[in-house]
Amino acid sequence: MTVTAVHHLNCGTMSLVATIGERLAPRRIVAHCLLVERDAGLVLVDTGFGMGDVRNPKRLTPSSRMLLRPRLVEEETAVAQVRALGHDPADVTDVVLTHMDFDHVGGLGDFPQATVHVYAAELDAATHPRLRERARYIEAMWAHGPRWRPLSEAGDDWNGLTSVTALDDDVLLLPLHGHTRGHCGVAVRRPAGEGGWLLHAGDCYFDAREAHEPPACAPGLALFQRMMATDHRKRIANLERVRELRSAHTGDVDVFCAHAAADFDRF
Ligand SMILES: [Zn+2]
């Protein structure tokens, strides 16, 4: 299969500033998703918020609405942006998820026909959450019964990280657990003319500078990430591996995370 184009979509502008304060955290955060055009169909990497959230914001918990202040407007949903790019949403054959926090899977219901590729440990966490995980997973977002494809088999080496083939050699899941039990990065081969790879690191880090050398992070974001991680030490160890990969493969692998506006605005 060949990737012919990759579009970067922001499927959920949020703002932590009202609660954390502007000096401690950035004013604007995004939900960075990818729409991958391949000859075999369209692939979406994460969905951000969807029409179910726009129509019924109350399906998000009051605390997350207060903390994240998501905009929840139709034009930011993946389904609206897929249409605006001239595609039929029914042509999205596959969705690949970094993880199943509500700000990544809100749009699943807008693509009911798609096969949803997710790491098995994450699907298990979302469908059988422990007490402290319950607020992050919202069952209504997959109440339509997606065609799940849980992935778990240990895979090949990809630039020093373990990889699991999601669709084919062009779209890979890289287990980067810590933020959640089965959190993954998603590597997507860029179209032929552009060369190299994109690595969507999901919520492995929130501040774009964390993947750089020397790393830096807004203090409010550092605290937020620590609070949100199911395994803080594992997250830090995986972030370290992403940072090493980035410095070893600058020019070949373009690494970005889900929520940093600075990363999104580069594309
Ligand atoms: Zn997130």
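Ala, Val, Leu, Ile, Met, Phe, Trp, Tyr, Cys and Pro count as nonpolar, Asp, Glu, Lys and Arg as charged, and the others, Gly among them, as polar. By this scheme, the lining of the largest pocket consists of 10 nonpolar, six polar and six charged residues. A pocket is an open set of points on a 1 Å grid over the protein atoms alone, with protein on both sides within 12 Å along at least five of seven lines, and lining residues have an atom within 4 Å of a point. The model is predicted: local features need pLDDT of at least 70, side-chain atom pairs count only at pLDDT 80 or more, and totals for chains, interfaces and linings use all residues. Residues are numbered from 1 along each chain as its sequence is written, and side-chain values use heavy atoms, with hydrogens and water left out.

Of the 22 lining residues, Phe 102, Ala 135, Arg 136, Phe 224 and Met 228 lie nearest the centre of the largest pocket. Helix H3 (62–68) gives two or more residues to this lining, as do H5 and helix H7 (219–228); helices are DSSP runs of H or I, at least four residues, numbered from the N terminus. The most comes from H3, with four residues.

The zinc ion is coordinated at 2.1 to 2.3 Å by Asp 103 (OD), His 104 (NE2), Asp 203 (OD) and His 259 (NE2). Donors are N, O and S atoms within 2.8 Å of the metal (3.2 Å for Na, K and Ca); water is not among the atoms, so sites may look incomplete. Asp 103 is buried, with a relative accessible area of 8%, and His 259 is buried at 1%, where buried means under 20% (1.4 Å probe, protein chains only).

Key:
Buried < 20%, exposed > 50% of the residue type's maximum accessible area, 1.4 Å probe, protein only. 1 Å grid on protein atoms, 1.4 Å probe; cavity = no way out; pocket = protein on both sides within 12 Å on 5 of 7 lines; lining within 4 Å.
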